[in-house]
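Please prepare a short report on this structure.

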Amino acid sequence: MNRKRHSPGGSLCAAGMLFYFLAFLLPAVRDASMTGYILAVAVPCLIFLGSYMLPHLVPVDRLLMTLTNLFCAMGVLLRFSMSPSLAIRQAVCFGIGILVMVCSAAMMQRVRPGAGFLLPAAAISLLLTGLPLLGKNSVGLPGWMELGQSSLQPGELGKPLLIPVLAGLLSRRRLLPALGFCAALLSLLLLQRDLCGALILGGTAVLLFWGATGNWILLILGLAAETALAGAGGLLLPSFRLSFLVPPVSPADTESAALPLQNCFQLVSSGGLWGAGLGLSSPQEIPSGQSEFSFALLCHSFGFIAGVCFLMLYAALLWRGSSAARTARRSFPGLGAMGAVILIGLQTFAAVSSTLQLLPLTGAALPFISSNETSLIACLGLVGLIHGVSGMNEIALEEDASLAMLERSGA
Amino acid sequence: MFPQLYEVLSLSARYLFALLAVLMVFRALVWILADRRETQKTLHRLPNAGYVGELIVVAGDRGLDTGLAIPVPWEGILGSVRSCDLWVPAAGVRRNHLFFSFQPGQGLLIHPLSGCEALVNNRLLTVRSAPEKTPVTNGSFLQIGNAVLRFCAFAGLAPDTGFDPVHSSAEVLGPRPVPDTAVSGPVSAVRYDSVPPAQYPSDPCPPDGVYPLPYGMTAETPAASDASAAPEVSGPSSVSPVRRRRRDRWEVDWSE
């Protein structure tokens with residue numbers, strides 16, 4: 001949709017392509033890895049295709065698409081540093097996520113928030129969130145269930161539906177049904193002992209309620225409820241209690257649940273400002289299932305400066321999304337885009353804060369970069385909602401321009 | 001590759017990676033600012049972007065000057081608090097009074113919220129009496145509290161923006177909005193070209209400068225007494241509705 005306007009995206013895309021070309025090439029040359037050589041060429045090409053060709057085919061925001069590609073490429077790179085097969089798997093999930101993103105964008109543009117959409121979407125969202133209660137959880141983390149050879153988090157897949165349902169109910173001023181829907185979701189998450197997911201979702205719902213109604217009392221009450229929930233969870237859940245109260249353990253104590261947190265922070269600090277050097281350290285001691293350590297790996301490999309730069313790119317993505325939400329002509333797309341932005345923002349905050357020990361280990365996956373494949377697909381679906389709203393805004397502005405021409409010609 | 005050579009390359013590349021990361025942030029920021037500038041230029045050329053019409057104040061309270069044109073967005077809440085999409089600070093208007101939504105081909109659909117009332121062309125609307133949304137067509141009068149407003153849709157939104165010929169009598173319509181040529185500010189004029197001229201009064205502007213009152217309002221009602229204080233008008237070309245600007249609303253909101 002941005003093809004008619006001059007966009008200074010060429011140098012952003014070029015910098016990203018060069019970054020990943022070198023980042024994949026260096027370890028590939030060291031290990032003589034064919035997978036590395038292929039990724040060194042394929043990843044920059046995919047960044048280029050996604051940033052320049054895809055906007056011509058589907059109505060997506062080019063800046064958002066470029067930023068998303070850069071983040072997802074970082075996820076593939078971090079997995080490549082652990083194992084090439086993980087990198088391939090991450091890339092495949094990225095491809096699936098792009099399809100989900102396009103479908104989300106189309107849904108946002110075509111769907112009207114009527115009962116025909118809200119009821120099935122709410123039912124599917126509740127079903128996906130409650131599915132882990134019925135399945136087998138061998139990973140040991142809340143919200144996960146086994147599916148054949150792999151595990152997934154079905155609740156994450158419900159997020160691209162959850163936001164439109166909330167936005168649809170709030171745009172039609174159905175506050176009580178929206179409250180009931182949120183309460184049902186939170187209950188399902190708390191039954192799975194997924195406190196982090198419940199807090200992120202609760203925070204998103206509170207901010208969306210405030211955005212829809214402008215009611216400050218509702219906002220204060222909601223934030224107070226969130227704080228109470230966090231406090232109660234910290235007192236009741238063992239993992240949270242350990243993170244806050246247990247002192248550092250000795251390296252020999254490998255059974256301690258506090259060990260991953262220390263490794264995580266050590267990773268960040270050992271990278272320094274510039275990084276430990278790509279391929280010079282061995283991040284393999286971090287279990288690949290610990291998806292909340294992606295930011296630590298990034299800082300370790302590329303340094304704290306690069307880590308801060310990627311956080312600023314996250315901020316740019318959120319700013320762009322909030323701009324799309326603010327310029328939406330109707331409540332439903334506006335609230336939908338704002339809900340996606342808030343959810344991605346809160347998840348990023350939770351993931352980075354737990355890495356830097358500002359919060360206890362929350363289990364939140366860093367959007368787009370984390371090894372949590374279902375989270376990657378879900379976040380791309382959320383970005384698809386923002387693309388859809390951005391596309392609608394572009395179309396509306398073009399209609400206004402044509403109407404202005406109509407008025408002038410009729411004068 | 002020799003390990004020592006790789007170590008030198010990898011340690012040297014750290015600085016390049018940091019530089020590229022900073023460059024990416026810088027270019028993303030420039031991109032955002034460039035898009036923002038372009039959007040502001042576009043909005044400056046299209047002052048009516050995002051709006052479907054105007055509510056012209058025919059009679060109002062102290063916060064509403066007669067003749068004020070309030071831009072109407074596509075959808076939102078009308079009420080007496082500044083955070084509402086349509087801010088109407090008149091007595092009798094609740095904090096959140098009614099919900100409105102523009103549908104091309106139907107007009108401005110309104111639905112009073114619980115406990116609120118509105119009059120559309122002398123038809124009383126409440127949650128019980130009008131459970132479905134009621135269309136406010138082009139030229140219709142909307143009375144909420146002490147405020148009497150007239151909806152004027154922008155031209156071209158749809159061929160049939162719902163102009164209601166039943167109420168297009170000379171006693172009802174009132175003065176014709178000002179043509180573009182007489183307007184200095186960014187005010188959009190409604191085009192009545194598609195409406196048969198026979199439905200318009202031959203002299204749209206009242207000679208004594210008083211706006212005609214709709215539907216049974218008398219001089220004793222508060223709105224009527226305010227209407228009698230309307231400024232004199234000498235002809236359609238010299239009347240310029242004062243329009244509440246987009247940035248005025250935001251300045252007012254932030255000042256609180």
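In which strand of chain B is B:Ile77 found? B:Ile77 is found in strand 3 of chain B; helices (H or I, at least four residues) and strands (E, at least two) are DSSP runs, numbered from the N terminus. This is a predicted model, in which local features need pLDDT of at least 70, side-chain atom pairs count only at pLDDT 80 or more, and totals for chains, interfaces and linings use all residues. Residues are numbered from 1 along each chain as its sequence is written, chains are lettered from A and ligands numbered from 1 in the order in which they are written, and side-chain values use heavy atoms, with hydrogens and water left out.

**Two single residues**

B:Ile77 is buried, with a relative accessible area of 6%. Here buried means under 20% relative accessible area, exposed over 50%, and partly exposed in between (1.4 Å probe, protein chains only). Apart from neighbours within four places in sequence, B:Ile77 is in contact with residues including A:Arg173, B:Leu86, B:Leu98 and B:Phe100; contact means heavy atoms within 4.5 Å. The C-alpha atoms of B:Ile77 and B:Val8 are separated by 64 Å, and these residues lie 69 residues apart along the chain.

In chain A, A:Ala378 belongs to helix 16 (residues 373–410). A:Ala378 is buried, with a relative accessible area of 1%. Leaving aside neighbours within four places in sequence, A:Glu156, A:Leu157 and A:Pro160 are in contact with A:Ala378.

**The interface**

Chain B contributes 50 residues to the contact and chain A 55 residues. Between them the two chains bury about 4400 Å², 69% of it on carbon and sulfur atoms; buried area is the accessible area (1.4 Å probe) that two parts lose on being put together, summed over both. Two salt bridges are found across the interface of chain B and chain A, a salt bridge being a side-chain nitrogen of Lys or Arg within 4 Å of a carboxyl oxygen of Asp or Glu. B:Asp35 and A:Arg320 meet through their side chains in a salt bridge (2.6 Å, N to O). On the side of chain B that touches chain A, the elements giving two or more residues are helix 1 (3–45), strand 3 (75–79) and strand 5 (98–103). Helix 1 of chain B gives the most, with 29 residues.

**Strands of chain B**

Five strands of chain B form an open sheet in the order 4-3-5-6-9, with mixed pairing. Strand 4 (86–87) and strand 9 (134–136) stand at the edges with a single partner strand each, so one side of each is left without a neighbour in the sheet.

Seven of the seven residues of strand 11 (residues 147–153) of chain B are buried, so this strand is largely enclosed by the rest of the structure. One side of strand 11 carries B:Ala147, B:Leu149, B:Phe151 and B:Ala153, and the other B:Val148, B:Arg150 and B:Cys152.

| Strand | Partner | Bridges |
|---|---|---|
| Strand 1 (residues 51–59) | Strand 11 | six bridges |
| Strand 10 (residues 141–144) | Strand 11 | four bridges |
| Strand 6 (residues 107–112) | Strand 9 | three bridges |

B:Ala59 stands opposite B:Val148, and B:Leu142 opposite B:Leu149. In the hairpin of strand 10 and strand 11 of chain B, with two residues between the strands, B:Gly145 takes a positive phi near 60°.

Terms used:
Pairing = 2+ DSSP bridges.
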